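Open your viewer and get ready to pick out a few helices. We'll go stop by stop.

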Protein chains: 2
Amino acid sequence: MDDLLIINAMLLPLTSAAAAIIHPGFVRIKGDRILQLGAMVRLDAGVAARRTLDAAGMVVMPGLINGHTHAPMTLFRGLADDLPLMTWLQEHIFPAEARWVTPAMVYWCAKLAAAEMLRAGTTCVADGYFHEEAVAAAFLDAGLRAVAAQGIIDFPAPGVADPADNVDAAARFIENWRKDTLIRPAAFCHSPYTCSPATLQQAKAMTRRLGTKLFIHLAETREEADQCQARFGLSPVRHLDRLGVLDSDTVCVHCVWLDNGDLDILAARGAAVITCPRSNMKLAVGTAPLTEMLSRNIPVGLGTDSCASNNALDLFNEMGTAARLHKVHSLTPTTLPARQVLQLATRGGAQALGLEAEIGSLTPGKKADLLLLDCQTPELTPFHHQDLLVYAASGHNVRNTIINGRLVMENRTILSFDLEETMHRVRELADRLNR
Amino acid sequence: MDDLLIINAMLLPLTSAAAAIIHPGFVRIKGDRILQLGAMVRLDAGVAARRTLDAAGMVVMPGLINGHTHAPMTLFRGLADDLPLMTWLQEHIFPAEARWVTPAMVYWCAKLAAAEMLRAGTTCVADGYFHEEAVAAAFLDAGLRAVAAQGIIDFPAPGVADPADNVDAAARFIENWRKDTLIRPAAFCHSPYTCSPATLQQAKAMTRRLGTKLFIHLAETREEADQCQARFGLSPVRHLDRLGVLDSDTVCVHCVWLDNGDLDILAARGAAVITCPRSNMKLAVGTAPLTEMLSRNIPVGLGTDSCASNNALDLFNEMGTAARLHKVHSLTPTTLPARQVLQLATRGGAQALGLEAEIGSLTPGKKADLLLLDCQTPELTPFHHQDLLVYAASGHNVRNTIINGRLVMENRTILSFDLEETMHRVRELADRLNR
């Protein structure tokens with residue numbers, strides 16, 4: 001007996017950029033895995049399932065993978081916009097974080113982020129923050145797959161008063177969560193300008209020892225690149241490379257200001273990149289050399305960044321923005337076609353996070369992480385082609401989200417936890433902040 | 001007795017960029033007009049209304065004004081993406097138009113566009129196409145306010161077999177629709193490269209005589225600007241100016257490739273501009289000098305362009321894209337702040353279309369065109385500031401749309417016509433096209 005059977009779907013397996021829609025198609029799910037999928041005519045008449053979902057008029061595709069966020073920052077969503085970067089950070093975000101970040105705030109605000117992502121068809125997210133154990137707990141309670149990374153910074157941080165303890169604190173977090181099947185623990189060095197060479201090397205040694213990913217914000221702004229050059233005589237990428245920090249378990253976030261040499265180094269080391277176009281645009285930091293990364297086969301995923309700089313967590317919007325931004329930036333309409341963008345948000349993210357054996361496409365044997373998206377709406381009518389998912393769809397079009405074989409959202413209602421309670425808790429926190 | 005009373009709203013009148021939210025607030029509507037608005041404490045206890053809407057947890061703001069689309073092109077939504085501009089136009093869009101554009105196609109596909117816009121809180125749209133009488137009929141049936149402009153081009157066009165008749169055909173259309181209160185007729189010269197100097201001058205003389213707007217696509221691509229220079233020795237703006245076509249009733253769409261002299265001419269003539277950032281990005285034509293337009297007090301509105309190049313008609317997405325694009329283009333995060341973008345999509349559009357006395361803000365005496373947007377959703381929680389409408393909201397968050405005092409959408413259901421029938425008709429047309 002199957003656990004879940006999806007029928008009559010417009011099936012988009014995304015096993016490659018060329019993979020076409022199978023219509024009408026089915027997906028069989030048993031436990032946390034995809035058992036079989038294909039055209040309806042191939043569905044064995046004897047197949048029985050505890051639950052059958054009729055996906056007529058819906059696209060069924062792999063859940064989207066958000067390669068970068070700081071989930072608890074939902075509390076600071078739209079708190080201060082349209083400001084110079086340093087004013088925004090130093091006068092608004094950092095003081096708000098210093099005052100308001102507690103384990104309870106982290107739990108509830110991360111859970112709100114989880115709700116937003118589940119409702120937009122995101123089935124896996126890579127997060128980095130402090131009190132990351134509370135983020136991990138919120139995602140676990142929400143049923144959201146995640147790579148949860150404890151922050152490392154050479155300043156007193158929420159939950160890590162003494163910076164000398166920052167790598168050990170991350171190591172303890174990783175040890176505590178190593179056995180979980182839904183949450184993969186990791187570490188997140190904030191950046192080359194807030195982590196000393198010694199911290200970076202210790203963090204890399206620790207994550208190597210524990211077999212986890214090391215994330216880092218890298219080459220986000222021109223100022224950062226200039227400062228790194230002035231301080232170390234090297235670009236941010238070369239600085240990390242000289243420290244031995246770049247390898248296939250390093251995930252570099254942003255990578256806007258890279259030269260060709262930097263790109264070659266990332267490719268040679270097998271390091272992955274997460275690009276966050278909406279955040280990069282809103283903060284006006286620049287446009288990442290994405291096509292240059294892809295032509296070097298650097299694993300690249302797509303991320304929203306946090307609600308403080310986006311200000312939302314909808315990867316469908318992120319896909320549409322990526323496709324448009326790189327076209328106008330290159331003044332070439334064939335740059336970053338929609339099917340390549342769909343790959344970034346699914347298989348690309350899985351590859352960047354080291355999860356490509358488990359998620360990122362609809363493939364028998366992989367985890368059953370998928371979304372059902374309603375195409376019977378005006379903005380998706382007619383549905384000539386799957387590119388419309390990039391150029392016209394939004395997370396709001398997602399009707400059902402399935403993670404690890406579990407239906408976590410059905411008809412836009414979150415089943416895994418009480419959304420109203422979560423919104424209420426975050427509003428209380430926001431009211432206190434605004435008083 | 002009032003016709004409609006909205007209570008408990010987060011009221012955003014947008015009478016100026018500085019206007020703050022009034023919360024909780026009320027709006028009184030009588031007939032097609034706003035009678036009064038203000039804080040709930042000012043609502044007279046004796047006020048009675050035939051219908052009361054409780055807008056608790058909702059933003060109530062002016063309906064958005066879409067300054068540019070070709071509504072019937074919903075049929076071609078996503079038909080061909082990611083192609084070089086000329087391949088896209090000449091091998092896909094033009095042949096599809098030549099084959100499939102009929103009055104019935106125009107009616108049903110424009111009605112689908114109307115549905116999409118109503119559901120995204122758009123209450124007024126400026127459209128340009130052929131068989132525009134069918135567009136006007138569709139908008140009228142949908143209850144959508146519009147400036148509907150009959151296309152003028154020096155080639156045989158749908159409904160205008162003989163180009164020598166193109167200006168007269170537009171004149172007949174305008175005469176037929178002059179008396180309507182919801183639909184304002186106008187003319188749309190396709191471009192300086194598809195309309196001869198004589199056609200442009202005749203069209204301008206005709207629209208002057210009839211007291212209507214003349215629209216034109218202008219300086220969209222670098223190729224257009226270069227060709228105009230080669231052919232006439234002038235930039236597109238200077239070419240139109242020498243022909244006497246630019247005045248305060250000329251609406252120039254796109255205006256991506258302008259120099260400072262062009263901008264000064266537009267400002268001196270009082271001509272208006274509609275900017276379409278998502279279309280400009282997707283077609284990779286460039287980034288319009290928007291801040292330079294605004295600093296010269298050129299009236300500027302925001303447009304989606306058609307579904308063939310966007311591929312959707314959601315002005316909330318257009319606002320977010322505009323705010324982000326101009327920041328990253330200028331590498332300055334203070335460029336085009338959210339409150340300026342909200343003005344572009346409301347008062348700016350009204351001013352560009354010559355409707356600022358009637359619509360564009362919540363003001364007693366103006367037409368009752370407004371939207372109610374639900375803020376009780378994860379992606380809009382917490383709601384620290386109205387800037388979130390630009391950076392996190394989507395048309396999907398709109399619950400109710402009111403045009404001319406009439407509730408045309410309630411709880412996301414279109415009341416003014418049968419949406420299912422319309423989608424069915426468009427799907428039939430798409431099926432025929434795909435066979």
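Which residues in α5(B) are buried? Before you click, a housekeeping note: this is a predicted model, where local features need pLDDT of at least 70, side-chain atom pairs count only at pLDDT 80 or more, and totals for chains, interfaces and linings use all residues. Residues are numbered from 1 along each chain as its sequence is written, with chains lettered from A and ligands numbered from 1 in the order in which they are written.

**Stop one: α5 of chain B**

Select B:Thr199, B:Leu200, B:Ala203, B:Lys204 and B:Thr207: these are the buried ones in α5(B) (buried means 20 or more other C-beta atoms within 10 Å of a residue's own, exposed means 12 or fewer, with C-beta atoms placed from the backbone). They sit on the same side of α5(B), because they cover an arc of only 130° around the axis (taken from the directions from the helix axis to the C-beta atoms).

Next, show what covers the buried residues: it includes β8 (145–152), α4 (166–177), β9 (183–189), β10 (214–218) and α7 (236–242) of chain B (contact means C-beta atoms, placed from the backbone, within 7 Å; helices, H or I of at least four residues, and strands, E of at least two, are DSSP runs numbered from the N terminus). Step off the end of α5(B) and you land on B:Gly211, with a positive phi near 70°.

**Stop two: α2 and α3 of chain A**

Select residues 103–119 and 132–142 of chain A, helices α2 and α3: their axes come within 8 Å and cross at roughly 40° (axes are lines fitted to C-alpha atoms over the stretch in contact, with angles from 0 to 180 degrees between N-to-C directions). Among the residues making the contact are A:Tyr107 of α2(A) and A:Phe139 of α3(A).

Key. Contact = placed C-beta atoms within 7 Å.
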